Each structure stands twice: as C-alpha cells, then as structure tokens.
Amino acid sequence: MPKLDYLVEELVTGNRILAREGVVDSFGHISVRHPDNPQRYLLSRSRAPDCIEKDDIMEFMLDGTPVDPRGRAPYLERFIHGALYEAQPEVMSVVHHHSESVIPFGVVANQRIKPIFHMGASIGHEVPVWDSHDHFGDTALLVENMEMGRDLAKLMGAGRTALMRGHGATVTGRNIRHAVYISVYLEVNARLQQRAMDMGEVKFLTPGEVDKVASRTGSYGITRAWENWCRRAGRPFQPEQA
Ligand SMILES: [Zn+2]
C-alpha cells in the first residue's frame with residue numbers, strides 16, 4: 001500500500017480509537033506529518049473523531065493553510081499541529097484533546113501529572129502546563145493562530161506532553177500509534193494519580209525508572225495495544241509500515 005494511503009487509514013483508525021478509549025469526545029483531533037513533504041500535514045476536516053472517514057482527511061501547510069479544501073471546514077485549532085511540526089522535525093504525529101482526567105492538573109498550582117505506574121512512563125518525567133493567559137491575556141482559550149501554537153510548541157520543546165490550562169492537552173509521537181498510545185495513558189495516569197492522591201502520599205516512578213521504561217516502549221508493545229484498540233473501535237488492524 002502506498003505510504004499516503006496507509007497513513008490516511010491509520011489516521012482514521014487513530015481518531016476512532018481516541019474516541020473509543022475516552023480521550024476525545026465531540027472535540028479533539030489527531031494529525032500526521034505528510035510522508036512526502038515534511039512541510040505539510042494531514043488532519044481531518046472539522047468533525048467529531050468517531051465520525052471521521054477517509055474523505056474527511058485534508059492536507060495542510062505548516063501555517064494551517066488548507067491545500068485543497070473542496071468546501072471542507074478545517075478545525076479552528078489546527079495551528080497546534082503545524083507549530084509542533086515546525087518546531088520539532090522528529091515529531092510525526094500530534095494529538096490535541098480535552099480528556100477529562102487531565103483538566104484538573106492544569107488548573108491547580110503545583111499539582112503536576114507524573115508517571116505513577118509503568119504504562120504512564122511514556123508521558124515523560126512531568127507534564128508541563130502551558131497557560132495561554134501568560135502571553136495572550138484573556139482569550140477564548142483556543143489555539144487559533146500560529147503565534148499561540150508556537151508559544152505552546154516552545155513550552156513543549158522535545159517533550160511528548162503538555163497540559164493547557166483550563167482547556168486540555170497536546171501530545172506528540174514518532175508516529176500515529178505512538179501519539180495515540182501516549183494520549184491514552186496520559187488519561188489513565190491522570191485518573192489513577194488523582195485516586196492515589198486521595199488516598200495519601202504518592203510514591204511516583206523515579207526519573208531512572210521513567211527513563212528505563214520509556215527506552216523499552218517500542219513498536220512491540222504499542223502494536224499489541226493498537227491491535228486490541230482496533231478491535232474495540234471496530235477498525236481493521238493493518239500491519240505497521242515503517
Ligand atoms: Zn482544544
């Protein structure tokens with residue numbers, strides 16, 4: 001299968017999985033960098049992730065300009081994706097979502113999401129919080145231009161995750177499956193962390209433990225999860241293409 005066709009299939013599946021696993025609801029989106037042109041990316045038209053079909057996938061320049069819109073309306077927050085692809089050449093997929101369990105950690109001072117169990121190690125040592133109010137004052141909280149997207153990308157640096165105060169979270173990956181995997185476990189980690197904090201003092205994974213687990217999180221484990229999530233989302237499982 002040509003790489004572009006493969007990635008469009010993966011992107012549809014990624015949307016459906018994120019919806020099935022409770023990371024996105026009617027809002028939220030996932031993109032992939034274009035396989036033939038690193039200055040472009042693929043992202044659905046503005047539609048709920050669980051409804052997305054192949055024909056919804058659009059191509060964008062990094063600044064958010066649609067290449068061939070054919071009347072399809074894009075997401076307002078597409079600038080998150082382009083800004084991250086622009087800032088981090090290694091990033092191949094971006095997820096933006098508003099999953100419920102992460103939101104409290106973006107609004108309470110000094111309460112950061114940190115890996116609490118080994119599946120959570122892929123989120124990084126600690127999830128930073130981007131506050132749009134710091135540089136942009138009172139806004140609708142949405143990332144609706146490149147200036148805001150670049151500010152978020154600057155805070156994330158080479159990190160995989162960031163919360164957005166009063167809004168949601170953004171995740172990057174080395175491919176679609178990796179970005180989905182981190183997104184799912186960011187939500188699970190936040191939920192378990194909240195539960196543990198309610199019980200008492202939490203012993204988080206040590207930085208060394210996080211590094212060791214993260215270094216072993218490859219396509220072997222991610223593919224196992226992906227196959228299961230495909231089944232749960234009612235999507236065909238296709239062999240991974242490099
Ligand atoms: Zn959003």
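Author: A salt bridge is counted where a side-chain nitrogen of Lys or Arg lies within 4 Å of a carboxyl oxygen of Asp or Glu. Before using that rule, please keep in mind that this is a predicted model, in which local features need pLDDT of at least 70 and side-chain atom pairs count only at pLDDT 80 or more, while totals for chains, interfaces and linings use all residues. Residues are numbered from 1 along each chain as its sequence is written, and side-chain values use heavy atoms, with hydrogens and water left out.

By this rule the count comes to 13 salt bridges, and one of them joins the side chains of Arg16 and Glu53, with 3.5 Å from N to O. Arg16 belongs to helix H1 (residues 3-20), whereas Glu53 sits in the loop between strand S2 (40-44) and strand S3 (57-61), so the pair ties together parts that are 37 residues apart in sequence. Helices (H or I, at least four residues) and strands (E, at least two) are DSSP runs, numbered from the N terminus.

To describe how far each partner is covered, we use relative accessible area, where buried means under 20%, exposed means over 50%, and partly exposed lies in between (1.4 Å probe, protein chains only). Arg16 is buried, because its relative accessible area is 12%, while Glu53 counts as partly exposed because its value is 42%.

A second salt bridge is formed by Asp68 and Arg70, whose closest N and O atoms are 3.2 Å apart. Here Asp68 is partly exposed, with a relative accessible area of 44%, and Arg70 is exposed, with a relative accessible area of 61%.

Next come Asp131 and Arg165, whose side chains meet in a salt bridge at 3.0 Å from N to O. This pair links distant parts of the chain, since Asp131 is in the loop between strand S5 (129-130) and helix H3 (132-136) and Arg165 is in the loop between strand S6 (161-164) and strand S7 (168-173), 34 residues apart. With a relative accessibility of 27%, Arg165 counts as partly exposed.

Salt bridges can also be followed through a group of residues: Glu9, Lys54 and Arg235 are linked in a network of them.
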